[in-house]
Every structure is written in structure tokens, then in C-alpha cells.
Amino acid sequence: RFEAELPSGEKAFGVFSSSGTTGRPTQVLHSVRSNFMFTLMGQRHVRWSRWDPMERIAEIRIPHQLPKKPDGSEFTPGETCRLPRWRYLGHYFETGPYVALSVFTPLEERLAWLAREQPARLTAVSEILEQLAFASLDRPPPVGLKSLRAISEQLTEPMRRRITEVFKVPIDQNYGLNEVGIIAGRCAAGRYHINSEHCLVEILDEDLQPCRPGKVGRLVVTGLANFAMPLIRYDTDDMARAVQGDCPCGRTLPGFDDIVGRYSRIVLLPPGTLRHVEALRDEMQAM
């Protein structure tokens, strides 16, 4: 019945949930098309970042965000998830291998894992990268590492400097939401370039008017690919700085500057905090 109500050629894919960091998680039904855009926009970003598709890539994530075992269970702390090709992109392109590890793995084991696996690219939330940097102050950088990718949380300039000084590699970033997809990718000049064929972005002031360049406002997004559950002028609860004019990187897509807000330094909280936060999010999603 629901499929019959969608435009011709559209099919429902499944429900995605927001992180719940600002309250009750938002549940959004994605179409097959909007889910596929996650992969397409991800491909754009890794091309911008000059990733070699045959490289070994790695992730350190919360278990439910990683691939499942053949029996459907999650990988436990210390277990390595291995795929012969990159997750998602490997379904459409020839790629190198993918490895991943639970964020609940003890810190020293995570460092030993990186030294053993020697990935070319490592993806993790910003605070985990900072935690790894603090723990690696008196260690040489992992062999073969070419870049890091910070996701899910704000990466402040002090964090960026600290991480790059320790690991001696650049940090790639994109900005996205589970509710919409990958909204923008950050270039080397520091501007986020919007995937404008996928979504529209507005930076609005307190009166819901467009911010002048240089001013910080609420980041509001309208999705263009999800006919199963369209989001129109969706308030992300994030703050960003408006910009105008050409970007030094040469890209012509519209953009915005720094993301300002929604930053939690779980790394500085007592041991086990991240596990408790994850359990609380699971309970909220079940309500």
C-alpha cells in the first residue's frame, strides 16, 4: 500500500535514525534513491580527497554502526571486522580491503591494532581521533597512514592542530545527517561545499532570514532525493557560518564555513561513559 503511494519508480528502503544527541532520535524513512545518494556523495568526497580506491581503509566506530557478522551479531571489543572491499563503495567499484574495530576496544589495543593493520585511511568520530592523538604523543605515527577522516562531531581548530601534529597527516571531513545523507564535503581551503543536486542548505538568523556572510546561524536543510519522507527546511540544530564569493579551491558548488556547536568531549569523561551513552541512545530509540 505504501509503495503504491510513492512516485513511479520510487521504492521504500528503510528507516534511519538520528543520533539523538539533542533529544529524542528522529526516525526517517528513506527511499532506495535517497539511500543510494549516501554512496554517490561518499564517492565524490573520497575523489576530492584523492583516495586511491585500492588502498586499505579502516574505521573505529560504535558496534551497531559497523557491518554485522554472518550470523547477524555485532563485533565485540577487540574483534576485527574484515571485508575484501570497501563498505558501500565496494559494491560499485573495484577497491582494496576494509577493516574495522569497535570503539569500545581498550585504547592500548586500538593503538596496537592500527600499528598491525597499517591502513592508509582511518575514519572515526572527532573525539576518538583526539583521544588516539593524546595517547600517541610519545609514539611514531602509524606506518602507511595517509589521512584521517573525522565524522559525526565538530572538529575544533585546536583539535585539528593537535591531531595533525601527532599523526603528521591531513584530516578529511564531510558534513551529513542520517536523516538526509551527506550534505557537504570540506575542501583544503576550509569551506564546506554543498552537494546541491542532493539538498538545499540555508544559514538562518534568529528571524529565520538568511545570514550575512561571516555571521553564524542555524543550518537548515531541504532534501531533494527522498520521496518516501521529504524533509523541507529541516532544522539540524547545528550552527554554521555563512560565506559568499569564490572558494580558493576552485570548486563552484555553494558552501558554508565552520560548523559551530553540538560538540561533546566524551574523551574527557570517566571511563565507560561512551558505553553508557550508547546504551541510553538505544533505550531512547526503543521508546
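**Exercise 1. Work out what share of the contacts between residues at least 6 apart in sequence joins residues at least 24 apart.**

Step 1: Count a contact where heavy atoms lie within 4.5 Å.
Step 2: Keep pairs at least 6 apart in the protein chain; 61% of these join residues at least 24 apart.

A word on the model: it is predicted, so local features need pLDDT of at least 70 and side-chain atom pairs 80 or more, while totals for chains, interfaces and linings use all residues. Residues are numbered from 1 along each chain as its sequence is written, and side-chain values use heavy atoms, leaving out hydrogens and water.

**Exercise 2. Describe the largest nonpolar core and find which element gives the most to it.**

Step 1: Such a core joins buried (under 20% relative accessible area, 1.4 Å probe, protein chains only) Ala, Val, Leu, Ile, Met, Phe, Trp, Tyr and Cys residues through side-chain atoms within 4.5 Å.
Step 2: The largest one has 29 residues, and Ile60, Leu122, Leu132, Leu148, Ile163 and Phe167 have the most contacts inside it.
Step 3: Elements giving two or more residues include β3 (57–61), β6 (121–125) and α4 (157–167); α3 gives the most, with five. Helices (H or I, at least four residues) and strands (E, at least two) are DSSP runs, numbered from the N terminus.
Step 4: Look around Leu122, which touches Ile60, Leu132 and Leu148, among others, not counting residues up to four places away in sequence.

**Exercise 3. Decide whether Leu40 is buried, partly exposed or exposed.**

Step 1: Locate Leu40 in helix α1 (residues 32–48).
Step 2: Its relative accessible area is 35%, so Leu40 is partly exposed, the class between under 20% and over 50%.
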